[in-house]
Amino acid sequence: MATLLLRLPLLITRAVYATFSFYMLTPRRIKKIMERQEVRGPEPRFLVGNLRDVSSLVAESTSKDMESICHDIVDRLLPHYVRWIDLVRFIYWNGVEHRLCLTEIDLIKELLSKYSLWMTNGDDWIHQRGIVAPVFMGDKLKYAGRMVECTNQTLQSLQKAIDSGQIEIEIGEYMNGLTSDIIFRTEFGTNYKKGKQIFDLLTVLQHRCTQTSWCLCLPGSQFFPTKCNRKIKILKMEVENLLMEIIESRKRLPSMDGDVRTSWIGFLSGRDTSMQVIMDECKTIFFAGRDTVALLLTWTVMLLATNWSWQDKVRAEVTGVCNGKNPSVHHHPKLRLLNMVINESLRLYPPASLLPRMAFEDIKLGGLHVPKGLSIWIPVLAIHHSEDLWGKDVDDFNPERFASKPFSSGEFMPFAMGPRDCVGQSFAMMEAKIILAMLVSRFSFTISDSYRHAPVTVLTIKPKYGVQIRLKPLNPCENC
Ligand code: HEM
């Protein structure tokens with residue numbers, strides 16, 4: 001106790017200095033270094049930086065629906081970017097956090113391929129990537145089989161909805177349910193009713209986290225006992241408890257049956273991995289792998305429902321390649337048009353519209369000195385909609401562009417690139433191909449009159465009111 005009292009003044013001095021450095025010294029140092037290199041931006045306000053500018057611009061641009069179903073969505077979703085981009089590179093302040101916005105493809109490529117910086121600590125990531133990457137090398141045939149089974153069930157539900165007289169369907173809801181089911185069965189080797197509970201909790205958690213990201217970004221503000229923070233803490237605990245129950249029950253199984261052994265949990269449990277790491281990986285995969293694919297599918301259905309000629313072309317290709325059978329891993333490489341459609345959908349509506357990176361140390365990008373502590377934000381959505389890179393028809397749905405021109409990863413990067421790219425990329429593409437191939441074989445669809453085109457960003461790019469379509473059953477395939 002006496003030693004603690006003696007050390008108290010020192011501890012207080014340190015805490016005061018850390019706070020002063022966080023609010024004043026570091027931001028000033030970064031600002032000076034960047035200004036010397038002619039990188040400027042809007043004038044920040046004390047503590048809040050440009051947060052209010054950004055939130056009011058976004059609130060205004062998304063306050064109304066779009067007038068027609070057009071894909072020119074950069075002004076709507078990144079209005080602050082559009083306002084400040086004249087500066088080519090610009091810096092703005094998210095509270096006291098400085099964000100450098102880069103658009104030069106060469107620098108972006110260098111950043112993503114050379115550095116594995118993320119928003120988390122590098123060593124933790126290397127460890128986690130080493131654990132999670134082999135999980136995706138698993139049994140592709142088995143994964144594909146499960147995807148087909150789950151899709152069949154969803155298609156049956158759609159058929160039932162039509163048979164019961166439902167005229168229009170909100171397809172996003174079905175795609176969410178389907179991708180949840182696929183992830184859950186692949187991750188745990190079983191269709192477990194707790195999965196739905198976890199996904200529901202994670203959805204609420206995601207909304208809460210988005211809400212707080214607009215609040216003041218004060219250091220340690222996540223620890224303030226606010227109502228929102230308390231709710232987030234409780235939600236996180238509920239998710240962890242449910243996951244813990246499932247992992248424990250999987251581990252207790254005397255001999256893992258085939259499905260469980262080939263599941264990701266079966267794989268992780270078989271290695272010398274701590275419970276905490278397994279839980280962290282489960283959460284990452286849930287977050288990273290469900291919404292992204294569900295949104296890819298939802299936007300692609302919207303695009304095909306409004307572009308009938310492409311819907312017909314894809315259907316004809318699937319019929320020719322699969323010959324009435326369910327799509328198997330051998331069919332996937334032959335579904336070329338479907339692949340082009342998926343790529344075009346990922347270009348126009350990339351689920352991850354911004355990629356954040358953090359300079360944990362001073363780095364050099366081209367001739368640019370990026371000081372330690374500066375975060376770098378890559379506006380994927382704006383790059384995918386750049387007329388300079390994609391041509392005059394940049395905002396049109398034209399999958400043909402992926403037939404003729406090989407796009408370099410710096411121009412097209414829905415899955416990021418470099419050492420920190422998406423580990424689930426081939427899993428996601430396989431899933432999207434199977435689901436879309438089965439959907440177009442079973443139904444034709446058009447967009448409903450009630451559809452309101454209003455993309456919004458809630459971590460990922462979402463249709464604000466969902467995507468309402470009208471489905472018409474076609475001849476069922478022989479295996480369904
Ligand atoms: C259309 C679907 C998907 C898209 C567009 C997508 C996109 C991305 C992007 C852009 C990143 C990098 C994030 C960053 O660097 O800031 C990422 C990382 C990741 N994705 Fe995906 N993803 C998709 C599907 C999936 C699926 C299905 C899974 C797993 C089942 C998955 C698992 C992961 C994981 C674990 C990471 C973190 C990798 C790391 O930190 O090393 N993703 N994803």
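Two points on conventions. Numbering starts from 1 along each chain, following the sequence as written. Because the model is predicted, local features need pLDDT of at least 70 and side-chain atom pairs count only at pLDDT 80 or more, while totals for chains, interfaces and linings use all residues.

Start with the whole chain. The protein chain holds 20 helices and eleven strands. Those are DSSP runs, numbered from the N terminus: helices are H or I with at least four residues, strands are E with at least two. The chain has 480 residues, and 35% of them count as buried. Buried here means 20 or more other C-beta atoms within 10 Å of the residue's own; exposed means 12 or fewer; partly exposed is in between; and the C-beta atoms are placed from the backbone. Now contacts. Two residues touch if their C-beta atoms, placed from the backbone, lie within 7 Å. Take contacts between residues at least 6 apart in sequence: 77% of them join residues at least 24 apart.

Next, the ligand. How many residues are around the ligand? There are 24, and A288, G289, T292, C422 and G424 come nearest. The test for being near is a C-beta atom, placed from the backbone, within 6 Å of the molecule. Several elements give two or more residues to this shell: helix 6 (122–132), helix 13 (275–289), helix 14, strand 4 (355–358) and helix 20 (425–442). Helix 13 gives the most, with four residues. By residue class, the shell splits into 18 nonpolar, four polar and two charged. For the classes, Ala, Val, Leu, Ile, Met, Phe, Trp, Tyr, Cys and Pro are nonpolar; Asp, Glu, Lys and Arg are charged; the others, Gly among them, are polar.

Stay on helix 13 for a moment. E281 sits in this helix. E281 is partly exposed, because 19 other C-beta atoms lie within 10 Å. Its C-alpha atom is 12 Å from that of V423, which is 142 residues away along the chain.

Now a helix pair. Two packed helices are described by the angle between their axes and the distance between the axes. Helix 8 (residues 171–188) and helix 14 (residues 291–306) have axes that come within 9 Å and cross at roughly 145°. The axes are lines fitted to C-alpha atoms, for helices over the stretch in contact, with angles from 0 to 180 degrees between N-to-C directions. The crossing is right-handed. Which residues meet? From helix 8 come I171, G172, M175, N176 and T179; from helix 14 come V293, A294, L297, T298 and V301. That contact has six nonpolar residues, four polar and no charged.

Helix 8 itself has 18 residues, and 16 of them are buried. Its first and last C-alpha atoms are 26 Å apart, close to the 26 Å expected. The expected span is 1.5 Å times one less than the number of residues.

On to helix 16 (336–348). Is it mostly covered or mostly open? Mostly covered: eleven of its 13 residues are buried. Among them are L337, N339, E344 and R347. The buried residues pack against helix 14, helix 15, helix 17 (380–384), helix 19 (401–404) and helix 20. The end C-alpha atoms of helix 16 are 19 Å apart, which agrees with the 18 Å that its 13 residues should span.

Two residues belong with this region. K334 lies in the loop between helix 15 (308–322) and helix 16. K334 is partly exposed, since 15 other C-beta atoms are within 10 Å. The C-alpha atoms of K334 and G320 are separated by 9.8 Å, at 14 residues apart along the chain. S404 lies in helix 19. Why is S404 exposed? Because it has 6 other C-beta atoms within 10 Å. S404 and L337 are 67 residues apart in sequence and 12 Å apart in space, C-alpha to C-alpha.

Last, backbone angles. E38 is not a glycine, yet its phi is positive, about 70°. E38 is in the loop between helix 1 (2–36) and helix 2 (51–61). E38 counts as exposed, because it has 10 C-beta neighbours inside 10 Å. A416, also not glycine, has a positive phi near 60°. A416 is in the loop between helix 19 and helix 20. With 18 other C-beta atoms within 10 Å, A416 is partly exposed.

How values were computed:
A crossing is left-handed if the near helix is turned anticlockwise from the far one by less than a right angle, and right-handed if clockwise.
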